Amino acid sequence: MNQLPITEPPREKWLNKYTWAWASWDWGQAAINAVMITFVFTVYLTSELFGDKDHASLVLSQALAIAGVCIAVLVPVTGLRSDAAGRRKLWIIVNTLLLVLICGACYFVFPDPRYLWFGALLIAAMSVASEFAGVNYNAVLNQISTPATVGKVSGFGWGMGYVGGILALALVLFGFVQPIVDWPGASSENGLNIRLVAIFSALWCLFFALPLFFIIPESTAISAEKIPLKSSYAVLFRRIRALWSEDRNLIFFLLSSAVFRDGLAAIFTFGGVIAAGTFGFALSEVIIFAIVGNVVAAIGAVIGGRFDDWVGPKAVIVGSLIGLLIAGTGVFFSPAASGFWIFGLMLCLFVGPAQAAARSYLARLIPEGREGELFGLYATTGRAVSFLAPALFSLSIAIATPLVASGQAQRYGILGILLVLLLGLFLLLPIRTPQQVNMA
């Protein structure tokens with residue numbers, strides 16, 4: 001694969017073919033995140049078709065915790081090695097294709113309790129492949145933006161992901177769940193329509209990844225010396241020790257963001273499950289909520305990106321976390337579905353800005369040529385505690401189960417997620433804000 005230098009987009013033209021091609025991958029990834037992991041397939045997997053709903057939720061959270069351990073162990077050296085070898089795009093392609101294959105395999109998850117762990121492990125495997133691809137995808141951010149535009153570009157990428165999710169969810173709703181045209185693939189017998197959603201999501205992800213594959217040039221190698229796999233961890237640990245001496249603020253940000261990002265991920269992972277299990281949403285209602293929620297989230301991500309460049313990423317993250325704590329508390333105390341609509345949409349409004357600002361925060365601090373390595377650490381530190389939100393979600397359910405009526409324990413999982421967000425906020429507050437670049 002040719003390694004071509006990428007031309008830095010002019011400040012006044014930050015929205016260019018590179019930005020569109022980069023964000024298109026996020027658009028395609030939305031079918032994995034919104035359809036498979038959050039609002040459709042995991043709702044199917046934790047439904048009564050697979051046995052007790054509370055038990056299914058526990059199995060899903062356990063599988064995701066296993067995925068977190070795998071990522072924490074494996075992902076740091078992938079970014080390090082791709083930086084050194086100049087193979088960021090190659091590994092985005094490889095891991096995206098792997099993600100597509102795993103997603104397609106979900107077609108074989110039949111509605112039977114015997115397939116519960118199989119389906120949960122496929123979801124976990126998707127999260128692993130997605131994270132591996134995402135490390136190098138995030139590292140491309142500094143290639144296609146300037147310090148003055150990194151907030152807008154990051155927010156635009158998240159916004160495109162949400163808009164892609166809107167369209168994908170709408171097609172799933174009207175093509176498979178409540179079809180406006182009767183066709184054999186819309187049959188719910190043996191879960192066929194939801195299983196075909198997995199095939200649809202795989203193709204969606206692949207198609208919209210193609211612009212990045214063909215338009216974004218490969219990164220250039222920063223070292224002619226190859227890093228042997230057996231030496232990768234030794235090199236990584238040496239660099240972490242050096243980073244501790246050079247920039248402890250960056251280390252502290254990686255640690256604090258690991259906690260609050262785990263809470264953000266839990267909102268997406270368990271949002272659809274809570275809507276169905278606690279508030280009685282039918283699958284079609286979950287999808288409708290997801291479509292509206294993605295519209296709100298896209299608006300929030302784009303606006304948050306603008307504020308990021310104006311007031312700095314830390315202010316955006318802090319404000320978003322406070323908003324999430326208020327909205328999450330509202331969801332917990334809501335007695336009816338109407339409350340979930342109100343406070344759930346508030347959650348959607350604040351999740352996007354927090355995610356985009358965390359990514360741009362790190363991008364502003366990374367020394368040139370170490371993007372993959374440090375975004376790998378970004379993923380690793382997040383995954384190092386990725387057991388936290390699923391574990392507290394599960395623990396809260398387990399504690400509540402003997403104390404509340406049958407089927408009501410899931411609501412208390414919300415408290416576990418809120419605790420993670422609160423801890424992340426407290427850890428973030430002492431972190432210094434990156435120096436802001438004046439807009440041209």
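The second largest pocket of this predicted model is lined by 20 residues, and Val43, Tyr44, Ser47, Leu49 and Leu283 lie nearest its centre. Its volume is about 380 Å³. The structure also holds 2 cavities of 30 Å³ or more. Lys152, Asp308, Asp309 and Arg364 are linked in a network of salt bridges.

**Second largest pocket**

- Helices α2 (41-45), α7 (192-215) and α9 (248-277) are the elements that give two or more residues to the lining of this pocket.
- The largest share of the pocket lining comes from α9, with 4 residues.
- Sorted by class, the lining of the second largest pocket has 10 nonpolar, 8 polar and 2 charged residues.

**Largest cavity**

- The largest cavity has a volume of about 1100 Å³.
- A total of 41 residues line the largest cavity, and those nearest its centre are Asn33, Glu131, Trp158, Ala265 and Gln355.
- At least two lining residues each come from α1 (17-39), α5 (116-139), α6 (150-177), α9, α12 (337-365), α13 (371-384) and α14 (388-400).
- The lining of the largest cavity divides into 21 nonpolar, 14 polar and 6 charged residues.

**Second largest cavity**

- The volume of the second largest cavity is about 310 Å³.
- This cavity is lined by 27 residues, of which Ile267, Phe268, Gly271, Gly344 and Leu347 lie nearest its centre.
- Helices α1, α9, α10, α11 (313-333), α12 and α15 (413-428) each supply at least two residues of the lining of the second largest cavity.
- As the source of 8 residues, α9 makes the largest share of the lining of the second largest cavity.
- The lining of the second largest cavity has 20 nonpolar and 7 polar residues, and no charged ones.

**Salt bridges**

- Side chains of opposite charge can pair when their charged atoms come close.
- The structure has 4 salt bridges, counted with a side-chain nitrogen of Lys or Arg within 4 Å of a carboxyl oxygen of Asp or Glu.
- Asp308 forms a salt bridge with Arg364, and their closest N and O atoms are 2.7 Å apart.
- This pair links distant parts of the chain, with Asp308 in helix α10 and Arg364 in helix α12, 56 residues apart.
- Asp308 is buried, because its relative accessible area is 1% and buried means under 20%.
- Arg364 also forms a salt bridge with Asp309, the closest N and O atoms being 2.9 Å apart.
- Because Arg364 lies in helix α12 and Asp309 in helix α10, the pair ties together parts that are 55 residues apart in sequence.
- Asp309 has a relative accessible area of 5%, so this residue is buried.
- Asp112 and Arg114 form a salt bridge in which the closest N and O atoms are 3.2 Å apart.
- Arg114 is exposed, with a relative accessible area of 70%.

**Nonpolar surface patch**

- Val295, Ile299, Ile303, Phe307, Trp310 and Val311 form a nonpolar patch on the surface, and together they have about 580 Å² of accessible area.
- Ile303, one of the patch residues, is located in helix α10 (residues 283-311).
- The relative accessibility of Ile303 is 45%, so this residue counts as partly exposed.

- Leu374 lies in helix α13 and is buried, with a relative accessible area of 0%.
- The C-alpha atoms of Leu374 and Ala139 are separated by 8.4 Å, although the two residues are 235 residues apart along the chain.

Methods: Residues are numbered from 1 along each chain as its sequence is written. This is a predicted model: local features need pLDDT of at least 70, side-chain atom pairs count only at pLDDT 80 or more; totals for chains, interfaces and linings use all residues. Side-chain values use heavy atoms; hydrogens and water are left out. On a 1 Å grid over the protein atoms alone, a cavity is a set of points where a 1.4 Å probe fits but cannot get out, and a pocket is an open set with protein on both sides within 12 Å along at least five of seven lines; lining residues have an atom within 4 Å of a point. Grid points are joined across faces, edges and corners, and a volume is the space filled by probe spheres set on the points. Ala, Val, Leu, Ile, Met, Phe, Trp, Tyr, Cys and Pro count as nonpolar, Asp, Glu, Lys and Arg as charged, and the others, Gly among them, as polar. Patches are made of residues with over 30% relative accessible area and no salt bridge: like charges are joined within 9 Å, nonpolar side chains (Val, Leu, Ile, Met, Phe, Trp, Tyr) within 5 Å. Accessible areas come from the Shrake-Rupley method with a 1.4 Å probe; for residues, only the protein chains shown count as cover. Buried means under 20% relative accessible area, exposed over 50%, partly exposed in between (1.4 Å probe, protein chains only).
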